[in-house]
Amino acid sequence: MKPITAPAPEPRNFFQDVHEVVRLVPAGRVTTYGAIAHYLGARHGARTVGYAMMAAHTADQYVPAHRVLNRLGHLTGRLHYATPFAMQEALEAEGIRVVEDRVVAFSELFWDPSVELG
DNA sequence: CCATTGACCCTGA
DNA sequence: ATCAGGGCCAATG
């Protein structure tokens, strides 16, 4: 018999889950923090997804964090790269056009994990 | 242990 | 239409 001790939900490899989803985003497509959060249950909040992205640079496997934007298609994380333009250049290298820190035709390039992955 | 801070989003007035 | 506030989870002081 176990005492009351709250099972306390595992710290959850939430970061790893996020990284895994981001790795599934095809080149030339983009997704959002909120979409990932929603796909993973929407209970963790989009914020934590953003935090996971920050930790993405320490992940074992490569995580195309540049394909993750906020819900407006803005490159909110660009300042966290080696250079402020690294994110934009990475996107443009995949054929995505960026104007004023915003992805052009964002709604068309949007890749929703809840839809694509079921 | 409490307070503050984030690569965010939604709701209500 | 704009503006303010709360909530989410994790890390840091």
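Modeller: Helices H1 and H3 are roughly perpendicular to each other, a label for angles of 65 to 115 degrees. The model is predicted, so local features need pLDDT of at least 70 and side-chain atom pairs 80 or more, while totals for chains, interfaces and linings use all residues. Residues are numbered from 1 along each chain as its sequence is written, and side-chain values use heavy atoms, without hydrogens and water.

Colleague: At roughly what angle do the axes of H1 and H3 cross?
Modeller: Axes are lines fitted to C-alpha atoms over the stretch in contact, with angles from 0 to 180 degrees between N-to-C directions. Here H1 (residues 14-24) and H3 (residues 45-54) cross at roughly 80 degrees, their axes coming within 9 Å. Helices are DSSP runs (H or I, at least four residues), numbered from the N terminus.

Colleague: Which residues in H1 and H3 meet?
Modeller: Contact means heavy atoms within 4.5 Å. From H1, Phe14, Phe15, Val18, His19 and Val22 meet Thr48, Val49, Tyr51, Ala52 and Met53 of H3.

Colleague: And how do I read a pocket?
Modeller: Rolling a probe the size of a water molecule over the atoms shows where empty space is left. A pocket is an open set of points on a 1 Å grid over the protein atoms alone where a 1.4 Å probe fits, with protein on both sides within 12 Å along at least five of seven lines; lining residues have an atom within 4 Å of a point. The largest pocket holds about 400 Å³ of space. Its 17 lining residues include Met53, Met54, Ala65, His80 and Tyr81, the closest to its centre. H3 gives the most to this lining, with 4 residues.

Technical notes. Chains are lettered from A and ligands numbered from 1 in the order in which they are written. Helices (H or I, at least four residues) and strands (E, at least two) are DSSP runs, numbered from the N terminus. Angles under 35 degrees count as roughly parallel, over 145 as roughly antiparallel, 65 to 115 as roughly perpendicular and the rest as oblique. Grid points are joined across faces, edges and corners, and a volume is the space filled by probe spheres set on the points.
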